[in-house]
Amino acid sequence: MYKLLLCVRYLRTRYIALASITSVMLGVATMIVVNSVLAGFTNEMRDRIHGFLADVLLESRHTEGIVEGSEETLRRVEAAIGKHVAAMTPTVEIPGMAQITYGSETYPMPISLVGIRPETKAKVGPLRNYLANHQPREVDGQTLPPLKSADAPVDWELTDEALERRRDLKQMQRDLLEQQQMLQPEVRFSDTTGEVGASDISDIPQFDDEQGDVIADAETEADTNSGIQGLLNQPPVFLPDAPEETERDFGAPLDARVYIGEGLVSYMATDPDTGEQHRVMMAEPGDDITITTVRLGKTGKPETVSFNATIVDIFRSGMSEYDGQLVLMNLEELQRKRGMLHFDPEGNIINDSITSVQIKLHDYANAEEVVKALQASFPPSAVHAGTWEDKQNVLLSAVEMETAILNVLLFLIITVAGFGILAIFFMIVVEKTRDIGILKSLGASSKGVMSIFLSYGLALGLVGSIAGVVIGLLFVRYINEIEDGLSWLTGREVFDRDIYYFDTIPTHVSPMMVFWVAVGAMAIAVLASVLPARRASRLHPVRALRFD
Amino acid sequence: MTQTLKMTTPLISAKAIQKTYTTGSHHVRVLRGAGITATEGEFISVIGQSGSGKSTMLHVLGLLDAPDVGEVLYEGKRIDNLSESARDQLRNRVFGFIFQFYHLLPELSLLENVMAPLMIRYSLLDYWKQRRAIKQQARDILEEVGLSHRIKHRPSELSGGELQRGAIARALITRPRILLADEPTGNLDAETGQEIMELLKKLNDDSKLTIVMVTHDESVAAQAHRIVRLKEGQIEKAVIANAI
């Protein structure tokens with residue numbers, strides 16, 4: 001009882017100990033805030049990557065696809081792991097180039113071209129959330145509802161707005177053509193089969209029919225060749241659009257349809273007057289772009305193939321790696337352009353090749369099992385099966401290690417606090433030397449005296465930890481308000497929304513993390529008090545009594 | 001009261017005590033084969049100059065310090081070589097200490113200070129069960145020493161005389177058989193000092209409390225049954241005090 005009483009009294013009367021409580025408290029609060037924010041960011045990142053990749057991936061090792069064809073592949077997957085599958089979708093993934101025309105410039109850019117079936121892709125991941133037509137829009141500071149209603153399916157249909165835009169543009173071009181024809185009747189202006197959403201006619205490439213050679217725009221040719229240079233000795237092939245048959249087709253979108261990443265067709269501009277940043281679109285749904293990619297030619301050697309596609313929607317996932325590189329295309333058209341469709345003599349499709357299958361599982365816990373089953377069903381030389389984490393292993397491991405190192409460093413802060421406790425305790429023990437002598441003269445054991453100080457250390461750690469947890473959690477809860485305050489105070493935006501793609505700072509508080517941080521801090525406090533406590537217990541009663 | 005020589009077993013005795021203190025390379029032989037005995041109910045004063053080793057003798061008797069050579073016997077049995085926990089127990093149950101500078105714990109109230117030895121004696125659970133009884137015991141003793149009106153005060157708020165009486169109360173709560181007093185009046189003025197002496201004599205008379213008191217003051221020493229003189233670490237002679 002005397003130990004408890006003294007411990008409590010020391011807590012209440014010694015304000016210098018507050019200094020050590022404060023350091024423990026700050027260390028705990030810091031660890032909680034930093035861990036929560038880091039976990040928030042990491043989780044967001046993981047979610048987005050995961051959302052895009054689905055749970056398990058079956059991928060062909062080469063660009064011409066899984067040799068069995070999509071139907072057989074899907075059947076085999078179903079047979080191997082069907083009971084685990086919640087949804088799956090076939091894709092064709094291939095690198096390529098996209099070219100848009102904006103103003104009087106053409107912008108060729110490298111892209112990752114992915115042919116998808118949106119009905120099934122939307123089941124495997126949150127595709128709908130990433131497409132601009134299905135999300136609320138910000139126009140002049142107002143939030144408007146999405147262009148497509150909530151129950152509209154994710155497909156390749158243009159919105160009415162896009163169709164209108166397209167028709168207006170076509171009309172403009174037609175008018176311009178007529179004008180020029182009238183002014184220069186001797187020059188033949190062929191129909192614009194390759195327009196890319198701009199108004200300058202001179203940039204429109206002129207092409208012959210499908211089998212013929214290309215009289216391509218010198219700029220385009222050089223760029224497409226430079227992108228896939230070295231492999232190709234074949235002349236690039238351009239697949240022209242189907243000609244507009246009737247007036248009803250006027251302004252109709254092309255067969256090839258794409259969702260294009262926002263980063264590919266827009267940029268951030270700073271208003272010179274206000275200093276505010278806003279996004280400027282260089283191409284919008286309804287516009288056409290030129291896509292170039294590679295396929296195996298008729299001679300068995302790789303060749304480039306180019307074609308035009310109509311933008312149906314803008315893809316915005318929040319990850320710049322995707323938004324700046326991804327072009328999602330209707331699978332069948334991509335297959336057709338790449339010669340991945342196989343026809344029977346009547347012209348019906350009997351088989352089609354795909355390069356990967358994305359699978360969503362009912363329960364991710366079964367992923368290992370699923371991967372093994374898939375590996376058994378397909379030859380490993382041709383087909384690779386893995387989880388999304390396997391695919392992104394490098395990135396995820398790096399983030400994990402960062403988190404671990406950060407935690408070690410932060411814990412060192414608390415250790416520093418521990419040394420503070422050590423120093424303060426030594427001081428207190430010296431101060432209490434006489435009292436320790438008194439206690440021993442009254443019959444207190446050395447162990448008893450030691451435990452007074454050990455429990456004092458524990459009490460300090462406890463108070464500091466709890467205060468730290470409360471402050472840390474409050475900080476996390478109100479972090480956005482705090483960030484606003486800081487930004488106002490320092491005059492510049494602390495959390496740049498454009499860099500980070502988030503509206504609010506993402507946080508994720510893990511109860512286990514909070515628990516271990518608190519326990520760890522208390523442990524350090526107790527450890528720090530061991531040496532002073534031992535010293536106290538070993539004081540010689542007579543010498544202690546005479547001290548001062 | 002005339003002193004009669006009783007051939008009774010001494011309650012407490014120290015035999016041939018030698019004790020040396022070392023500070024760095026400096027050796028000080030404080031006790032050089034001194035011995036002391038007290039029978040039950042005796043009130044002994046130990047007198048000597050400072051540095052004569054009288055306080056050390058007291059500490060050795062009360063097991064606060066261990067002799068380099070010699071023995072301490074309680075009821076005829078040796079106690080200086082017992083285990084640490086046994087010695088702690090003896091200090092808690094058999095001996096009571098009071099010091100020149102009172103040595104009350106500053107963070108505790110007077111009442112709590114008096115209860116402290118019992119808080120030390122009992123485990124947390126046992127203490128909790130008996131807390132009312134213990135509190136009452138403390139109150140009673142404080143009443144006995146005349147401090148009932150000050151029990152809630154902190155030591156910093158009490159006068160020297162009150163503090164020493166409080167210390168006596170603390171020493172008594174364990175019902176010790178031997179009270180060891182190290183210069184109990186050393187820090188008090190003559191009048192207050194005498195009050196304390198009256199209290200000590202009363203306790204000795206009423207409850208046959210054995211008291212071994214160290215002092216440098218002759219007039220204080222003379223109030224005991226018997227005076228023992230220490231000079232340079234050795235007993236000078238045993239003097240039979242005058243009738244008190």
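## Chain B at a glance

Of the 244 residues in chain B, 44% are buried. This is a predicted model. Chain B contains seven helices and ten strands. Take the contacts in chain B with a separation of 6 or more: 70% of them join residues 24 or more positions apart.

## Strands of chain B

Start with strand 1 of chain B, residues 12–23. Strand 1 runs antiparallel to strand 2 of chain B, residues 26–38, and ten bridges join the two. Within this pairing, B:Q18 stands opposite B:R32 of strand 2. The two strands form a hairpin with two residues between them. There, B:G24 takes a positive phi near 70°.

Strand 1 of chain B also pairs with strand 4 of chain B, residues 69–74. That pairing is antiparallel too, with five bridges. Here B:K15 stands opposite B:E71 of strand 4.

## A buried asparagine

B:N113 sits in helix 3 of chain B, which spans residues 110–121.

Leaving out residues up to four places away in sequence, B:N113 touches B:L104, B:L105, B:L108, B:G166 and B:R170. B:N113 and B:R154 are 41 residues apart in sequence, and their C-alpha atoms are 9.2 Å apart in space.

## Two nonpolar cores

The largest nonpolar core has 119 residues. Those with the most contacts inside this core are A:V28, B:V46, B:M57, B:L61 and B:V212. Helix 17 of chain A, residues 511–537, gives the most to this core: eleven residues. Look at B:L61 in particular. Beyond its neighbours within four places in sequence, B:L61 is in contact with B:I12, B:A14, B:I36, B:V72, B:L180 and B:V212.

A second core is separate and has 66 residues. Its members include A:F307, A:V312, A:V370 and A:V383.

Helix 10 of chain A covers residues 367–377. Its buried residues are A:V370, A:V371 and A:L374. Seen down the axis of helix 10 of chain A, these fall within an arc of 100°, so they line one face of the helix. On the other side, A:E368, A:E369 and A:A376 are exposed.

What covers the buried residues of helix 10? The cover includes strand 1 (56–60), helix 3 (70–81), strand 15 (356–361) and strand 16 (383–387), each from chain A.

## Where the chains meet

At the interface, 20 residues of chain A are in contact with 24 residues of chain B. Three helices of chain A each supply at least two residues of the side that touches chain B: helix 1 (2–13), helix 13 (433–441) and helix 18 (541–546). Helix 1 of chain A gives the largest share, seven residues. By type, the residues on this side of chain A are twelve nonpolar, five polar and three charged.

## Confidence in chain A

Chain A averages a pLDDT of 81, and 87% of the residues score at least 70. Which element of chain A has the lowest mean pLDDT, and which the highest? Helix 7 of chain A (residues 218–227) has the lowest, 43. Strand 12 of chain A (residues 326–330) has the highest, 92.

Across residues 191–230 of chain A, pLDDT stays under 50. The model has 70 contacts beyond four places in sequence for these residues.

Technical notes. Residues are numbered from 1 along each chain as its sequence is written. Chains are lettered from A and ligands numbered from 1 in the order in which they are written. This is a predicted model: local features need pLDDT of at least 70, side-chain atom pairs count only at pLDDT 80 or more; totals for chains, interfaces and linings use all residues. Two residues are in contact if their C-beta atoms, placed from the backbone, lie within 7 Å. Helices (H or I, at least four residues) and strands (E, at least two) are DSSP runs, numbered from the N terminus. Ala, Val, Leu, Ile, Met, Phe, Trp, Tyr, Cys and Pro count as nonpolar, Asp, Glu, Lys and Arg as charged, and the others, Gly among them, as polar. A residue is buried if 20 or more other C-beta atoms lie within 10 Å of its own, exposed if 12 or fewer, and partly exposed in between; C-beta atoms are placed from the backbone. The arc is that of the directions from the helix axis to the C-beta atoms. A nonpolar core is a set of buried Ala, Val, Leu, Ile, Met, Phe, Trp, Tyr and Cys residues joined through C-beta atoms within 7 Å. pLDDT is the predictor's confidence in each residue, from 0 to 100. Two strands pair if DSSP finds at least two bridges between them.
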